[in-house]
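Please go through this briefing with the sequence and the model side by side.

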Amino acid sequence: MLLPIKSVSVFMIHAAAFVAMLMYEVVNWIAHLPGASIEGIHLNTVQLVAIYVMIVAIYLVKLNLMLNPKS
């Protein structure tokens with residue numbers, strides 16, 4: 001009676017494990033690209049706040065474009 005539920009759960013476990021392994025491999029590959037390391041970079045508070053402001057601004061512009069597409 002529970003065989004279909006068990007087989008679905010086993011499939012979901014294998015699918016989740018595959019996705020986790022794939023994500024690990026992609027991040028590992030990105031880490032080996034030239035310039036992927038941020039070692040030796042020292043930001044002061046103003047620079048850090050400026051980076052955060054830029055990230056939020058880009059996010060808001062993208063969100064605005066998604067919510068108000070030009071027809």
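**Overall shape of the chain**

The chain has a radius of gyration of 21 Å, whereas a compact globule of 71 residues would have one near 11 Å; the radius is taken over C-alpha atoms, and the globule rule is 2.2 Å times the number of residues to the power 0.38. This is a predicted model, in which local features need pLDDT of at least 70 and side-chain atom pairs count only at pLDDT 80 or more, while totals for chains, interfaces and linings use all residues. Residues are numbered from 1 along each chain as its sequence is written, and side-chain values use heavy atoms, with hydrogens and water left out.

**Dimensions and exposure**

- Taken along the principal axes, the C-alpha atoms fill a box of roughly 60 × 45 × 25 Å.
- Of the 71 residues, 0% count as buried, where buried means under 20% relative accessible area, exposed over 50%, and partly exposed in between (1.4 Å probe, protein chains only).
- The accessible surface comes to about 7,100 Å², of which 76% belongs to carbon and sulfur atoms, with areas from the Shrake-Rupley method and a 1.4 Å probe.

**Helices**

- The secondary structure comes to 2 helices and 0 strands, which are DSSP runs numbered from the N terminus (helices H or I, at least four residues; strands E, at least two).
- The 23 residues of helix H2 (residues 45-67) should span 33 Å at 1.5 Å a residue, and this agrees with its end C-alpha atoms, which are 33 Å apart; the expected span is 1.5 Å times one less than the number of residues.
- Because the number of buried residues in H2 is 0, the helix lies largely in the open.

**Methionines of helix H1**

- Methionine 23 lies in helix H1 (residues 3-31) and is exposed, with a relative accessible area of 54%.
- Methionine 21, also placed in helix H1, is partly exposed at 40%.
- Methionine 21 and serine 7 are 14 residues apart in sequence and, C-alpha to C-alpha, 21 Å apart in space.
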